[in-house]
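Please keep the sequence and structure at hand while reading.

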Amino acid sequence: MHVIRVNDRVHMVTGTNVNWALVSDGTALTLVDTGYLNDSAALLASITAIGRRPEDVTAILLTHAHLDHIGGVPAMVDRFGTPVLTGAEEARHARREYLEQITPVEMLRLCGHAPSRRWVLDTVRAVFPRIRMSLREVGVVPPNVPLDVPGGLVAVPTPGHTSGHTAYLMPSTGVLFSGDALVTGHPTSRRGEGPQRLPEVFNTSEQGTADAIASLREVPADTLVPGHGGLARGPLSGMVDAALR
Ligand SMILES: [Zn+2]
């Protein structure tokens, strides 16, 4: 686990090839995404590392319901009853009314590329033993209005990577939590570091993913906390252009 201070109120944490974020508002916190199941101990440790307690988290916002973003939910919900929220469509995905995720066969195909092979092994370890995880209690957030959660985040619909993918903007600090709509790197990527889409195999709709990135051009943010890759600073419009190139 690696914790980065983004600003006074935001920390980004990297677990197993994936990021989550902690947004502070007084003593209360919003958690954006939760890492893999096997990142659960690291998730709890990251909260302690910034001087807070897990019970200070009063909302969990999910960008989407892939296993590397929902894995830590039970560690919070089972012990602390933390509410879990996401966009309306993604809530259906989280309940596994349907599944949009890389298949085992597609993962095997990635193994021809050495860095991707390492990612596959990391992933198998990180999701074990709950490969079929789903969430029961998921609340729905409305889009494009400040939410009643610490930090006053705003849900930004960004369908494509999954049909209900939702990014979150923190207007008061200009931070965009982009989840997997816009990332800055991934072990399986051949594009190196920098704003980019995830490789096509991970995206439910490639055109949707591109359209979602394009729609972020007007979002008033100058700091990007992505689901994968490092923190990026600078005008979001420049990151959008780089990712669409
Ligand atoms: Zn994903």
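The model is predicted. A search of the whole structure finds two cavities of 30 Å³ or more. The largest pocket holds about 580 Å³ of space, and the second largest pocket about 240 Å³.

**Largest pocket**

- The space in the largest pocket comes to about 580 Å³. Its lining is made up of 25 residues, of which Leu67, Gln101, Ile102, Met107 and Ile131 are the closest to the centre.
- At least two lining residues come from each of helix 2 (67–70), helix 5 (104–109) and helix 6 (114–127).
- Helix 6 contributes the most to this lining, with five residues.
- By class, the lining of the largest pocket consists of 14 nonpolar, seven polar and four charged residues.

**Second largest pocket**

- About 240 Å³ of space lies in the second largest pocket. Among its 14 lining residues, those closest to the centre are Val73, Val77, Asp78, Arg136 and Glu137.
- Helix 3 (residues 73–80) provides the largest share of this lining, four residues.
- The lining of the second largest pocket divides into six nonpolar, four polar and four charged residues.

**Cavities**

- The largest cavity has a volume of about 50 Å³. The residues lining the largest cavity are Asn19, Trp20, Ala21, Val32, Asp33, Thr63, Phe177, Ser178, Gly179, Val225, Pro226 and Gly227.
- Strand 3, strand 10 (175–179) and strand 11 (223–226) each give at least two residues to the lining of the largest cavity.
- In that lining, six residues are nonpolar, five polar and one charged.
- The second largest cavity has a volume of about 30 Å³. Tyr36, Leu37, Leu67, Gly71, Ala126, Val127, Arg130 and Met133 line the second largest cavity.
- The classes in the lining of the second largest cavity are six nonpolar, one polar and one charged.

- In helix 1 (residues 40–49), the buried residues are Ser40, Ala42, Leu43, Leu44, Ser46 and Ile47.
- The cover over these buried residues includes strand 1 (2–7), strand 2 (10–14), strand 3 (19–25), strand 4 (28–32) and strand 5 (57–61), as well as helix 3.

Notes. Residues numbered from 1 in each chain as written. Predicted model: local features only at pLDDT ≥ 70, side-chain atom pairs only at ≥ 80, totals over all residues. Heavy atoms only, no water. 1 Å grid on protein atoms, 1.4 Å probe; cavity = no way out; pocket = protein on both sides within 12 Å on 5 of 7 lines; lining within 4 Å. Points joined across faces, edges and corners; volume = space filled by probe spheres on them. Nonpolar A, V, L, I, M, F, W, Y, C, P; charged D, E, K, R; others polar. Buried < 20%, exposed > 50% of the residue type's maximum accessible area, 1.4 Å probe, protein only. Contact = heavy atoms within 4.5 Å.
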